[in-house]
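Subject: Structure for you to look over, with notes on helix packing

Dear colleague,

I am passing on the structure we spoke of, and I would be grateful if you could read the notes with it open beside you.

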Amino acid sequence: MTTAADLTDAEFAELDELLATTPEPLEALDASMLDGYLCGVIVQPRLIDIEEWLPNIFDYDGGVLPESTDPKWLERIRELVERRHAALNRALVEDGWFDPVVLDLDAEPAEAEEGVASDAEPAEDAGYAALNPISRSLMPWVAGFQHACLCFPELSEMPDDAVMAALARLYRHLPAETPEEIEIVSTLDREHPLKELDDAIEEMVVTVADLCDLTEAHRYKVDTLRREGPKVGRNDPCPCGSGRKYKQCHGAN
């Protein structure tokens, strides 16, 4: 069986452009958010089918694609997204590592650096303005991961301190909204400072790999089947009602 290859740079760009043409008023995830979202789906404590997680990439607020959606457009997006999902899953399981799609803020328009508002950087958002440059680069990816956890809350609801600690390490790159979140981010910045973007990316990937390991047993748990009735002895009457002994009827094999 041939393993589907990961996306090329050209295909990542194609996917980003395709998602950008999602019918309005839907607001689809961009390539970086999608990458985080797929990882958030993969590390859930249950296996989630593509038919369940794919619709959420087309609108951050849960909107649904119209019936008039171009089937070829949708088919191509599904093909690319499914390949990326498979590649991420394979990399996490086999290598405990993957290369995330992270924004390069150095490539952003000059007016954004001068404090002029843009779609990607809302200057009026005090929480976003408080983020350091490293977290600003990682925020779209982590926001996509959080989107998966909001769509599928099983991971966030696990009574596991290690899972909660891992999520805190990821969410430090999102705008803190409550005093508790501000305190958590301050503690992480003080005890585990991230001086370079490469260091932050490494910690993010390792954290996702940790979550994948922490939830693996739940994801592949096999439920034990319980017999609803008492065990039938070989010399007992066959439950089928034939009147013959079980060993001479359905128990013959």
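This is a predicted model: local features need pLDDT of at least 70, side-chain atom pairs count only at pLDDT 80 or more; totals for chains, interfaces and linings use all residues.

Of its 253 residues, 37% count as buried, and among the contacts between residues at least 6 apart in sequence, 69% join residues that are at least 24 apart.

I began with helix α2, which covers residues 31–42. With twelve residues at 1.5 Å each, α2 should span 16 Å, and the 17 Å between its end C-alpha atoms agrees with that expectation. The helix is mostly covered, since twelve of its twelve residues are buried; among them are Leu 34, Leu 38 and Ile 42, and also Asp 35. The elements against which these buried residues pack are α1 (9–20), α3 (50–53), α4 (71–94), α7 and α10 (197–219).

On the α2 side the contact is formed by Ser 32, Met 33, Asp 35, Gly 36, Tyr 37, Cys 39, Gly 40 and Val 41, and on the α7 side by Pro 140, Trp 141, Ala 143, Gly 144, Phe 145, His 147 and Ala 148. Sorted by class, this contact of α2 with α7 holds nine nonpolar, five polar and one charged residues.

The next pair is α7 with α10, where the axes come within 9 Å and cross at roughly 20°; these helices are therefore roughly parallel to each other, and α7 passes α10 in a right-handed crossing. From α7, the residues Ile 134, Ser 137, Leu 138, Trp 141, Val 142 and Phe 145 meet Leu 197, Ala 200, Ile 201, Met 204, Val 208 and Leu 211 of α10. By class there are eleven nonpolar residues and one polar residue in this contact of α7 with α10, with no charged residues.

The remaining pair is α7 with helix α8 (residues 161–171), whose axes come within 10 Å and cross at roughly 140°, which makes α7 oblique to α8. Val 142, Phe 145, Gln 146 and Cys 149 of α7 make this contact with Leu 167, Leu 170 and Tyr 171 of α8. Its composition by class is six nonpolar, one polar and no charged residues.

Arg 84 lies in helix α4 and, at 4% relative accessibility, counts as buried. Leaving out residues up to four places away in sequence, Arg 84 touches Asp 6, Leu 7, Phe 12, Asp 35, Leu 38, Asp 99, Pro 100 and Val 101; of these, Asp 35 and Leu 38 are buried residues of α2.

Leu 197, in helix α10, is partly exposed, with a relative accessible area of 29%. Beyond its neighbours within four places in sequence, Leu 197 is in contact with Ile 134, Ser 137 and Leu 138. The C-alpha atoms of Leu 197 and Ile 134 are separated by 5.4 Å, although the two residues stand 63 residues apart along the chain.

Glu 181 has its place in helix α9 (residues 179–191) and is likewise partly exposed, its relative accessible area being 34%. Once neighbours within four places are set aside, Glu 181 is in contact with Pro 175 and Ala 176. Between Glu 181 and Tyr 171, which are ten residues apart in sequence, the C-alpha to C-alpha distance is 9.0 Å.

With best wishes

Definitions and conventions. Residues are numbered from 1 along each chain as its sequence is written. Side-chain values use heavy atoms; hydrogens and water are left out. Axes are lines fitted to C-alpha atoms, for helices over the stretch in contact, and angles run from 0 to 180 degrees between N-to-C directions. Helices (H or I, at least four residues) and strands (E, at least two) are DSSP runs, numbered from the N terminus. Contact means heavy atoms within 4.5 Å. Ala, Val, Leu, Ile, Met, Phe, Trp, Tyr, Cys and Pro count as nonpolar, Asp, Glu, Lys and Arg as charged, and the others, Gly among them, as polar. The expected span of a helix is 1.5 Å times one less than its number of residues. Buried means under 20% relative accessible area, exposed over 50%, partly exposed in between (1.4 Å probe, protein chains only). Angles under 35 degrees count as roughly parallel, over 145 as roughly antiparallel, 65 to 115 as roughly perpendicular and the rest as oblique. A crossing is left-handed if the near helix is turned anticlockwise from the far one by less than a right angle, and right-handed if clockwise.
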